[in-house]
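Here's a friendly walk through one protein chain. Have a look at the structure first, and then we'll go through its parts together.

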Amino acid sequence: MDWAELNHDLLRQIAKKLTDLSDFVRFRAVCKQWRSAVHPSDLPPQLPYFIQCIRSSNSSFDFQFHPLSFDKTYNPTVQISSSPEDPFILFGSFTGYVLLLFRKTPGLILNPLTGLQVIIPIENKNPFMPLYFGPSCSHEPNLVESGIDLVGYPNGNVVPKVILWRYTNSKWRRIAEICYGYDEYVASYSNGRVYIVSYETKNIRVVHVNNGNTVSLLPEVSSDQHYCIVEACHDLIGVREFHPEQDLYKYELYQRKDSGTNPSWAKVNDIGDQMLFHDHHFKSLCLKASDFEGCKGNCIYSRTSSSVNCYSVAMKTTTQMHLFWPRLP
């Protein structure tokens, strides 16, 4: 039997089962016929990777990528011009890119696998909290060619505002700027909308980031804790996080209920097939568990310094998962 002559439809069906990115790459590298049968855009849905990064030398950073569903790691080393005394913070990842912010030198958006780096237009004098960085056109797989959007806000003694930058044709442009009050805070960003919460009334302003217009007003999710808001299956979910006990986080979830002119939030113990990935920076990602073999719905996954936790929304219990995470040298 000549394996190179396998039917293209059969090859595509096989490729759909390759949920590990490295297996997908090896599959397309077998021969020209297999590569032509499966396009890079046919990549099956990917679970988020857990990332750690350390500075290994004056100009090198070691990354570790750990996929949730496999006991393996990927360990690329990237050359970055930065002083060893310059502290850094790692954010990410979106569409394969991470964001590195430094105290003294310009930050950058980085693809650790290809080494591609794009310096970001942020001054270092004020701490910066990113809300989103990723493709301007979500349907376009090439992040740099389609344009990069960077959304965030500066911390410190500055006028509170959310800023949208866009990188196209090798240049950054400031597209929009949304000012908000000192009596407000930013709860989340999702699909072009910023969710701004009033400390006093707890009400939520939903503001379109491109034009600064208030799209809608929502009532409070929870009266006594900060929370984030995530869009899930065309609905909104409020995620309230409790401080950990012995490194185990707990959560409460609220779902938006539309009732004419009086929208409200209802506490829920079941989000069905959905699973949330929460990063403790008031940001969450929602995926369907049925798209990934071995994953559980109605759960919240998060990572601490020592483990990956899986919180059951129905049982209100947290399970520490095994994490194959070798020490970096």
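Which residue in β13 does valine 186 stand opposite? Valine 186 faces isoleucine 196.

Before going on, a word about where this comes from: the model is predicted, so local features need pLDDT of at least 70 and side-chain atom pairs count only at pLDDT 80 or more, while totals for chains, interfaces and linings use all residues. Residues are numbered from 1 along each chain as its sequence is written, and side-chain values use heavy atoms, with hydrogens and water left out.

**Strands and hairpins**

Strands here (E, at least two residues) and helices (H or I, at least four) are DSSP runs, numbered from the N terminus. Two strands count as paired if DSSP finds at least two bridges between them. In general, strands of a sheet pair through backbone hydrogen bonds, either parallel or antiparallel.

Back to β13: β12 and β13 run antiparallel, with 6 bridges joining them. Their hairpin has 2 residues between the strands, and asparagine 191 there takes a positive phi near 50 degrees. On to the next partner: β13 also pairs with β14 (residues 204-208), again in the antiparallel sense, over 5 bridges. Valine 197 has isoleucine 204 as its bridge partner in β14. This hairpin has 5 residues between β13 and β14, and lysine 202 in the turn has a positive phi of about 70 degrees.

Why is β13 called largely enclosed by the rest of the structure? Because 5 of its 6 residues are buried; buried means under 20% relative accessible area, exposed means over 50%, and partly exposed lies in between (1.4 Å probe, protein chains only).

**An open sheet**

Next comes an open sheet of 4 strands, in the order β8-β9-β10-β11, with antiparallel pairing. At its edges sit β8 (128-135) and β11 (171-179), each pairing on one side only. On average, neighbouring strands of this sheet are turned by 20 degrees against each other, direction ignored; the axes are lines fitted to C-alpha atoms, and angles run from 0 to 180 degrees between N-to-C directions. Between β8 and β9 (residues 148-154) there are 7 bridges, and methionine 129 has tyrosine 153 as its bridge partner in β9.

**Cores**

A nonpolar core is a set of buried Ala, Val, Leu, Ile, Met, Phe, Trp, Tyr and Cys residues joined through side-chain atoms within 4.5 Å. The largest one has 32 residues, and Leu150, Val162 and Trp172 have the most contacts inside it. Strands supplying at least two residues each include β5 (97-102), β12 (184-190) and β13 (193-198). A second, separate core of 15 residues includes Val230, Ile237, Tyr249 and Val313.

Leaving aside neighbours within four places in sequence, tryptophan 172 is in contact (heavy atoms within 4.5 Å) with residues including Ile109, Pro121, Leu150 and Trp165.

| Residue | Relative accessibility |
|---|---|
| Cysteine 53 | 14% |
| Cysteine 286 | 17% |
| Phenylalanine 91 | 8% |

Phenylalanine 91 lies in strand β4 (residues 88-94). From C-alpha to C-alpha, phenylalanine 91 and aspartate 279 are 9.8 Å apart in space, though 188 residues apart in sequence. As for disulfides (pairs of cysteine sulfur atoms within 2.5 Å), the count is 0.
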